[in-house]
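Here is a short briefing on one structure. Keep the sequence and the 3D view open while reading.

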Amino acid sequence: MSGTLCSWFLHFAKRSALSVSRNQQHRLYYRCCCSPHRLVTWPKRTRLSSSSSHSGSDLGPGSVPGAQRHSSTSQDPDFQLTPAQINGILRTNEQAVSIPEFDGRGLSAVLKFESNQLPANTPNEDRRSAATCLQTKGMMFGVFDGHGGYACAQAVSERLLYYVAVALMSQGSLEEVEDAIETLRPVPPILQWYKHHNDYNFRESASLYLEHLRVFWQELLESEEHGEGMSPRDALDYAFRRLDEDISLEAQVPLDSGLMRNTALQVAFAGSTACVAHVDTEGVHVANTGDCRAVLGAQEEDGSWTALPLSRDHNALNAAELDRVRSQHPRSERRTVVTDERLLGILMPLRAFGDMRFKWSRELQQSVLESGCDLESLNIYQYTPPNYLTPPYLEAAPELAYHRLRPQDRFLILASDGLWDMLGSQEAVRLVAEHLTGVHLQAPLSARERQMNLGQMHSLLLQRRARAVPAIDPNSATHLIRHALGTNEYGEVEQERLSAMLALPEDLARMYRDDITVTIVYFNSNLIKPRDA
């Protein structure tokens, strides 16, 4: 590693040791965990106690075991990794699943999917989900970006797909499930999950989650309008809203155990964005809350590739979203609702699950947080955002999109903002397309490029040569992450740059990159009929 680059990292390693007050810690904690690459003092996080962590380990799912990171207290950290070490880190959380074309219920629109995660936080605050609907048609995929800890993303990743699946089910199917529980018979499975061996669940809260899911389907059974079940669009919308309501309720009511109570509070006061896609032979429905993103890759008749966005980021850079948030509060708050591109100056996503600090009244927050729990051990602080006048300021209601599948539609990329901070949508589609086809796309020279001088032409040739290097990762999600972290200005993956980004000490990594989660869904194009067929 070059001395300049190493000195650059060590300079900020020293800055990270600065002390801050408790109130400053909380404000910086929320701002940093919701905004990547902030070169500010990062507060020391309180680890979850063994009584409130899932496995008794400080490492959550998606973390890189084996101390691939280094502590910044080391006098001379080694930022240089071997190619084998780089591959080991990048491939720790890889997942690749092929889907049968016919599963006994019908044809599948999904050929396969590939996924990967790379943490920056310890533990990783991103989560992912993938499952086949067993009582209805289609598959679902989700990416969840937590902030203020991983608890909310963990809970949402476990529960949201169940809520959607239940809303899709017909009244007859729901009656069969309810009758099985009442008579103590085996319950018909609702989802077939595709789990990575590093994934885990909040087992201590499983009974609570099932109880509230059951209440949800009982209410659907009592509805005269449910009939054959909701459409995918309505099911996604209703499930997002209902799960957030349940997260809020669970933090307010007495629960059976202290461990369950602690988990409910952590889930409610952390937060998570979510992007979920339901895919069947008719098309793709996407529900998005926050700043994860869904992008579809299509190959046109001339061989070129198009990136079709199926979601919009819910942050202050989205003018329509900014107007929506401001319109829900008095004009006197127009300048304070969003400041410094953050909700109340703190939170970057303008929609999210959990985050009851931005939803409950001051009085309700005080009542819940003064109920006798050890808040410091749970990493929860009694802190009210500035200018907190007319709550709620935040909601989990998703923005919905539908795309009818066409023969030219080849894949769907779902990813957390850790990827999109480093790659544009079109660039991500190009990389996946090249990985899929083995053909490296080189656009013809534009009129501007024809006027280049010799030096500029040399740079362009270097860029094109870099694109022609064969992919070394069988998994396309890993291929994306490698390029996001390691690509230089010529489009070449630079070993030194990639090594530096992966070897950052854990208390520095979050300042330069975010947790990254990527799932790429490949469509079975042979089953997709042209629109005029």
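Which residue in β5 is the bridge partner of Thr132? It is Gln192. The model is predicted.

- β3 pairs with β4 (residues 139–147) through 7 bridges, and the two run antiparallel. Within this pairing, Ala131 has Met140 of β4 as its bridge partner.
- The hairpin of β3 and β4 has 5 residues between the strands. Gly138 in this hairpin takes a positive phi near 105°.
- β3 also pairs with β5 (residues 191–193), again in the antiparallel sense, over 3 bridges. The Thr132–Gln192 pair belongs here.

**The open sheet**

- An open sheet is formed by 6 strands, in the order β1-β2-β15-β14-β8-β9, with antiparallel pairing.
- β1 (95–98) and β9 (305–309) are the edge strands. Each has a single partner strand, so one side of each is left without a neighbour in the sheet.
- On average, neighbouring strands of this sheet are turned by 15° against each other, direction ignored.
- Ala96 stands opposite Glu114 in β2.

**Salt bridges**

- The structure holds 21 salt bridges.
- Side chains of opposite charge can pair when their charged atoms come close.
- Glu178 pairs with Arg214, and their closest N and O atoms are 2.8 Å apart. This pair links distant parts of the chain. Glu178 sits in helix α5 (residues 171–182) and Arg214 in helix α6 (residues 206–222), 36 residues apart.
- Arg214 comes out at 21%, so Arg214 counts as partly exposed.
- Glu434 forms a salt bridge with Arg430, with the closest N and O atoms 2.8 Å apart. Both residues lie in helix α12 (residues 425–437), 4 residues apart, which is about one turn of the helix. Glu434 is buried at 6% relative accessible area, and Arg430 is buried at 11%.
- Asp514 forms a salt bridge with Arg510, and here the closest N and O atoms are 3.3 Å apart. Asp514 is buried at 4% relative accessible area. Arg510 is buried at 6%.
- A network of salt bridges links Glu321, Arg324, Arg351 and Glu395.

**Helices α4 and α6**

- Two packed helices are described by the angle between their axes and the distance between the axes.
- α4 (residues 151–168) and α6 pack at an angle of about 20°, and their axes are 10 Å apart. That angle makes α4 roughly parallel to α6.
- The crossing of α4 past α6 is right-handed.
- From α4, the contact uses Ala155, Glu158, Arg159, Tyr162, Tyr163, Val166 and Ala167. From α6, Tyr209, His212, Leu213, Phe216, Trp217 and Leu220 take part.

**Backbone spots to check**

- Most residues other than glycine have a negative phi, and most peptide bonds are trans.
- The Thr122 to Pro123 peptide bond is cis, with omega near 0°. Pro123 lies in the loop between β2 and β3.
- The Pro391 to Pro392 peptide bond is also cis, with omega near 5°. Pro392 lies in the loop between α10 (362–369) and β13 (399–404).
- Asn379 lies in the loop between α10 and β13. Its phi is positive, near 65°, though Asn379 is not a glycine. Asn379 is buried, at 16% relative accessibility.
- Glu341 has a positive phi of about 60° and is not a glycine either. Glu341 lies in the loop between β10 (338–339) and β11 (342–343). With a relative accessible area of 45%, Glu341 is partly exposed.

Technical notes
Residues numbered from 1 in each chain as written. Predicted model: local features only at pLDDT ≥ 70, side-chain atom pairs only at ≥ 80, totals over all residues. Heavy atoms only, no water. Pairing = 2+ DSSP bridges. Axes fitted to C-alpha atoms, helices over the stretch in contact; angles between N-to-C directions. Salt bridge = Lys/Arg side-chain N within 4 Å of Asp/Glu carboxyl O. Buried < 20%, exposed > 50% of the residue type's maximum accessible area, 1.4 Å probe, protein only. Parallel < 35°, antiparallel > 145°, perpendicular 65-115°, else oblique. Left-handed = near helix turned anticlockwise from the far one by under 90°. Contact = heavy atoms within 4.5 Å.
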